[in-house]
Amino acid sequence: MLAHTPHPGKKLVFFPYWRYRGIRFNCIENEIEHQFVDVTHQAIDSPFFPASMGLRAQAMRLSFVSPQPTGRFLAPALSVQDVLKRQEQRFKSEMVGRNAYHQSHVGEVLSLIYSPFYVGTQVVDAVLNRPVSDTLPESFLDTVAVLDPSARQMRFLSAICPACGWNLSGERNAIVLTCTNCNSAWQPAGGSLKQVPNGFLVDEDADLFLPFWRIAADISGIPLSSYADLVHLANLPRVVQKGWDQVPFYFWSLAFRLSPKVFLSLSIRMNLTQPQEKPVPGNPRGTLYPATLSVTEAVDTLKTSLAGMMKPTDTGFPKLPQIHIKPLRFALVYIPFRSGHHEWLQPKFSMAINKNTLSLTDH
Ligand SMILES: [Zn+2]
């Protein structure tokens, strides 16, 4: 919530806004462009409150909502997906005249921010003490749902392995925690920890393991169920060998954030590589880079990766709107990298990541 000094005796209403900061990839004409997005948007459709928070979410001090403040916290009526969909529609209308085929997002910050207002016959911004709308129907507060006070309480999950009781390991920003005792991996879901299928590729000389999501999906709109299909889609300079139509195609996505260009090019490279080695179940011994991108977010970028694999793009991109990707199964797979002078190297897949782009101490 935004910090403010309450006026005693005035009726306080906390109005919710979604804040989304991240990267949007746009498949436009025959290229994939990206842009940085940082938006706030009403989480309840209402003409009586400002449509967005302007720059306040970035510029002002925020504190966690607790059960203490008195006032009505309005429950969000729109999901963040609804808000992103509207942003996309607005973006599409701005792109009229250009061929925009697909958008996807990689989020960095997603939060619900409460902004305080005094509510009487008019709505007054409680931070600036300035009216924002002249009239407010008397019945307004009866038409909106109020947040359950228990939902205003921050909840903590103890980082104890649900399978064996060991302390889980993970960095501050990790969304997947690992157990070094029973080799399992866990992520928070709906107030508890849920097991994540996990595995790794072997390299005795690995210095670092980077997390990737391997996703089996049902793809409609184009044929892409086998390695042979991929060779055609990407126009790979290879002659399709017997049996390649039996090698299943998996999507691979980074499970961590990188600058947009590197993120996309590494995802495309992994998808084109299609590692055939079966991952060993469990967590590797060694240094694990934290997984910070959820599988849900990864799924949102699959079509953009697919677009990046298409060759040529001018005949491929127009098919994008008809392509649907339905994820079926996923696993977190740690890929071994060796330390080079300036890069982390994965020689088998000809991958290199500049060491400056992965910070090992400050993530
Ligand atoms: Zn365990």
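User: Before we start, what does "in contact" mean for two residues here?
Analyst: Two residues are in contact if their C-beta atoms, placed from the backbone, lie within 7 Å. Keep in mind that this is a predicted model.

User: Okay. Which residues of α5 meet α6?
Analyst: On the α5 side they are Leu264, Ser267, Ile268, Asn271 and Leu272. Their partners in α6 are Thr301, Thr304, Ser305, Gly308 and Met309.

User: What classes of residue make up that contact?
Analyst: The contact of α5 with α6 has 6 polar and 4 nonpolar residues. No charged residues take part.

User: And at what angle do the two helices pack?
Analyst: About 75°, between α5 (residues 260-273) and α6 (residues 295-309). Their axes are 9 Å apart. Angles from 65 to 115 degrees count as roughly perpendicular, so α5 is roughly perpendicular to α6.

User: New topic. What domains does the protein have?
Analyst: The domain assignment gives domain 1 (12-152) and domain 2 (197-357). Their C-alpha centres lie 34 Å apart.

User: How many residues of each domain are in contact with the other?
Analyst: Domain 1 puts in 13 residues, and domain 2 puts in 17.

User: Which strands supply the domain 1 side?
Analyst: β1 (12-28), β2 (31-42) and β4 (100-119) each supply at least two residues of the side that touches domain 2.

User: Which one gives the largest share?
Analyst: That is β4, with 7 residues.

User: Last one. How do the residues on that side of domain 1 divide by class?
Analyst: There are 6 nonpolar, 6 polar and 1 charged on the side of domain 1 that touches domain 2.

Conventions. Residues numbered from 1 in each chain as written. Predicted model: local features only at pLDDT ≥ 70, side-chain atom pairs only at ≥ 80, totals over all residues. Domains from an automatic or database assignment. Helix = DSSP H or I, 4+ residues; strand = E, 2+ residues; numbered from the N terminus. Nonpolar A, V, L, I, M, F, W, Y, C, P; charged D, E, K, R; others polar. Axes fitted to C-alpha atoms, helices over the stretch in contact; angles between N-to-C directions. Parallel < 35°, antiparallel > 145°, perpendicular 65-115°, else oblique.
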